[in-house]
Amino acid sequence: MCSVCGCATDAARIDGHVGEPANAGAQGHDHGHDHPHDHGHGHGHGHGHGHGHGHGHEHEHEHEHEHEHEHEHEHEHEHEHEHEHEHEHEHEHRHGDGRALHGVHAPGVSAERMVSIERDILSKNNAYAAANRARLREAGVFALNLVSSPGSGKTSLLVRTIEALRERLPIAVIEGDQQTSNDAQRIRATGAPALQINTGRGCHLDAHMIAHALDGVPLERGGVLFIENVGNLVCPASFDLGEAHKVAVLSTTEGEDKPLKYPDMFAAADLMLLNKSDLLPHLEFDAQACMVNALRVNPRLQTMVVSARSGEGMQAFYDWILARASAAAAAAAAAAA
Ligand code: MG
């Protein structure tokens, strides 16, 4: 469950492991590691009940919601909970919770309670992210989390980057999309190993998914791990995956005010790539204004204007990666010595 928008990731799977939810509880498969799963659970139940509930659990948790609302909801959902998976876990799921970020309310749940639920989810994510970061640091792998709207050109940018850098350093990719493994296939066509995570109804990757995915990609010292997040400028901003940097990709076919409209993402990023610069002559996009907007949101943001199609500006990105990957490798070597 996304603590931001309330979307579910119960149907998430990693490269063909159907039914492997990667964020909340990992039903249906054995973990070698222990999760800090205690699921604080406050059950917001936003009533109005959009309630996707692709999953089916037994709900034995202690709802404290007071239900003073008028309940005319027509239940377009059938709520029969047919359990497409047989989870044996006894932890309580957090559905309905979240929704607290950014001023979302749930009737019957106090603001304090909502804040504590949100804090709980994000702190669990942060625990996984810290473990991922430690693992990557120890391995000497430089990890980037690419975030953007759908269609900004992240995969094309990765393909070009891999083609340019594959002789220089080992590269692995984790792809996140709601459905299909199209992007992982595009990456594999370059010869780089790629693992696809499908988040189902989920709108972002979380650190728990990445913890599993790290078992499935080669982590070589001096290498780069690209994580292409689900196309979404909102929720991925809140979820640290353990990356060294978030890289926000914005394209010239979007509005130059995107950084102002979605400030959290640009505040969370360390580098912004303004992609599709080859289209600038055909558009009314004001690249200068876009940069000003981005820097207003995040004065420390580095920016580059690039075209994954023509290659314009890409060398600066390659150099940025190479310098940092080699520093990560050197730090791992020093720590291991
Ligand atoms: Mg893509």
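A salt bridge is a side-chain nitrogen of Lys or Arg within 4 Å of a carboxyl oxygen of Asp or Glu. Keep that in mind as you open the viewer.

This is a predicted model, in which local features need pLDDT of at least 70 and side-chain atom pairs count only at pLDDT 80 or more, while totals for chains, interfaces and linings use all residues. Residues are numbered from 1 along each chain as its sequence is written, and side-chain values use heavy atoms, with hydrogens and water left out.

**Stop 1: aspartate 278 and arginine 309**

Select these two side chains, which meet in a salt bridge with N to O at 3.0 Å. Aspartate 278 sits in the loop between β7 (271-275) and α7 (287-297), and arginine 309 in the loop between β8 (302-305) and α8 (314-336), so the pair ties together parts that are 31 residues apart in sequence. Those element names come from DSSP runs numbered from the N terminus: helices are H or I with at least four residues, strands are E with at least two. Now look at how open arginine 309 is: its relative accessible area is 63%, so this residue is exposed. Here, exposed means over 50% relative accessible area, buried under 20%, and partly exposed in between (1.4 Å probe, protein chains only).

**Stop 2: arginine 133 and aspartate 240**

Next, select arginine 133 and aspartate 240, a salt bridge whose closest N and O atoms are 2.7 Å apart. Arginine 133 belongs to helix α1 and aspartate 240 to the loop between β5 (224-228) and β6 (245-251), so parts 107 residues apart in sequence are tied together. Arginine 133 is partly exposed at 26% relative accessibility, whereas aspartate 240 is buried at 18%.

**Stop 3: lysine 124 and aspartate 120**

Stay with helix α1 (residues 111-139), where lysine 124 and aspartate 120 lie four residues apart, about one turn of the helix. Their side chains form a salt bridge, N to O at 2.8 Å. Are these two residues buried or exposed? Lysine 124 is buried at 8% relative accessibility, and aspartate 120 is buried at 19%.

How many salt bridges does a search of the whole structure find? The search finds seven.

**Stop 4: the cysteines**

Finally, select cysteine 235, which is buried with a relative accessible area of 2%. Its sulfur is 3.3 Å from the closest cysteine sulfur, in cysteine 203, which is too far for a bond. A disulfide is a pair of cysteine sulfur atoms within 2.5 Å, and by this rule the count is zero. End your tour at cysteine 290, buried with a relative accessible area of 0%.
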